[in-house]
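Please keep the sequence and the model open while reading.

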Amino acid sequence: MQPLPRLILATRNAHKTAEIRAMIGDRFEVMDATAFPELPEIAETGTTFLENARLKAEGVSHRVAGWVLSDDSGLEVDALGGAPGVWSSSFGGEEGNHSKNNARLLSEMAGKMDRTARFRCTMVLARDGAEQANFTGNVQGRLVDALHGSGGFGYDPLFIPDGHAQTFAELGDEIKNQLSHRARALEQVIKFLIESD
Ligand code: IMP
């Protein structure tokens, strides 16, 4: 049997890795940056999802052979002029602290009538240190005014995707992985990888 092609995720976010791994199934051997302890932390100094996704994918691809995939993602809230956007992971003042992020979002949204928001995900595929392609996926929805559900991660307990009545955190991984911003970007990545094989 042929060994599975390797896809290295330029992330140490276990939630992103778990979602991508579940969606990829057995088409690739999925590894992430935790398997390469020598990789340096890559500073996300870009001002767009694409710039940050590029920094991460190319930064890892300079040091590791094979396909590297990065994911830069976040939540855009219309009533907040698109914030937190690329700064989603540190919105509450501390990088990666989801409860602080959700607390700040709830307080900024208090009393706001327009609850529309969307998750965006930009993925970059790199090889030999250079970007080969990029892909974007969005999911439109609305914000609720209290945390609901315990699945997923990040802002999932506050976000109801269009066409549903529950938050991503209540809907669970299986449904989230069918319609999320990440699922929509990854679908294009898989098609690209299969076609370039
Ligand atoms: P990144 O690691 O710089 O791409 O930041 C991603 C941040 O966006 C996360 O820390 C979350 O705050 C938010 N985010 C991205 N994707 C999701 C998701 O699927 N659910 C909930 N929050 C997400």
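Is Trp 67 buried or exposed? Trp 67 is buried, at a relative accessible area of 15%. The model is a predicted one, and the values below are computed from it.

**Aromatic and charged contacts**

- The structure contains 5 aromatic pairs. One of them joins Trp 67 and Phe 192 edge-to-face, with 6.2 Å between the centres and 85° between the planes.
- Because Trp 67 belongs to strand β3 (residues 67–77) and Phe 192 to helix α6 (residues 181–195), this pair ties together parts 125 residues apart in sequence.
- Phe 192 has a relative accessibility of 25%, so it counts as partly exposed, since buried requires under 20%.
- Trp 67, Phe 135 and Phe 192 are linked by ring pairs into a cluster.
- Trp 67 also has a charged group over its ring: the charged end of Arg 127 sits there, 4.9 Å from the ring centre.

- Six strands form an open sheet in the order β2-β1-β3-β4-β5-β6, and the pairing is mixed.
- The edges are β2 (29–32) and β6 (159–161); each has a single partner strand, so one side of each has no neighbour in the sheet.
- On average, neighbouring strands of this sheet are turned by 35° against each other, direction ignored.
- Strands of a sheet pair through backbone hydrogen bonds, in either a parallel or an antiparallel sense.
- Both senses occur at β3. Strand β1 (residues 6–9) pairs with β3 in the parallel sense over 3 bridges, whereas β3 and strand β4 (residues 116–127) run antiparallel and are joined by 10 bridges.
- On the β4 side, Ser 70 is bridged to Val 124, and Ser 73 stands opposite Cys 121.

**Burial along β3**

- Strand β3 is mostly covered, with 11 of its 11 residues buried.
- Trp 67, Leu 69, Asp 71, Ser 73, Leu 75 and Val 77 point one way from β3, while Val 68, Ser 70, Asp 72, Gly 74 and Glu 76 point the other way; all of them are buried.

**Nonpolar cores**

- In soluble globular proteins, nonpolar side chains tend to be buried together.
- The largest nonpolar core here has 20 residues, and those with the most contacts inside it are Leu 7, Ile 24, Leu 69, Met 123, Leu 125, Leu 186 and Val 189.
- At least two residues of this core come from each of β1, α1 (14–24), β3, β4, β5 (130–143) and α6. Helix α6 gives the largest share, 6 residues.
- Ile 24 touches Leu 7, Val 30, Leu 186 and Ile 190, leaving aside residues up to four places away in sequence.
- A second, separate core has 18 residues, including Phe 119, Val 144, Ile 160 and Phe 168.

**Asn 177**

- Asn 177 lies in helix α5 (residues 173–179) and is buried, with a relative accessible area of 16%.
- Its contacts, not counting residues up to four places away in sequence, are Glu 19, Ala 22, Met 23 and Ala 183.

How values were computed. Residues numbered from 1 in each chain as written. Predicted model: local features only at pLDDT ≥ 70, side-chain atom pairs only at ≥ 80, totals over all residues. Heavy atoms only, no water. Phe/Tyr/Trp six-rings, centres within 6.5 Å; stacked < 30°, edge-to-face > 60°. Helix = DSSP H or I, 4+ residues; strand = E, 2+ residues; numbered from the N terminus. Buried < 20%, exposed > 50% of the residue type's maximum accessible area, 1.4 Å probe, protein only. Lys NZ or Arg CZ within 6 Å of the ring centre and 35° of its normal. Pairing = 2+ DSSP bridges. Axes fitted to C-alpha atoms, helices over the stretch in contact; angles between N-to-C directions. Contact = heavy atoms within 4.5 Å. Core = buried A, V, L, I, M, F, W, Y, C linked by side-chain atoms within 4.5 Å.
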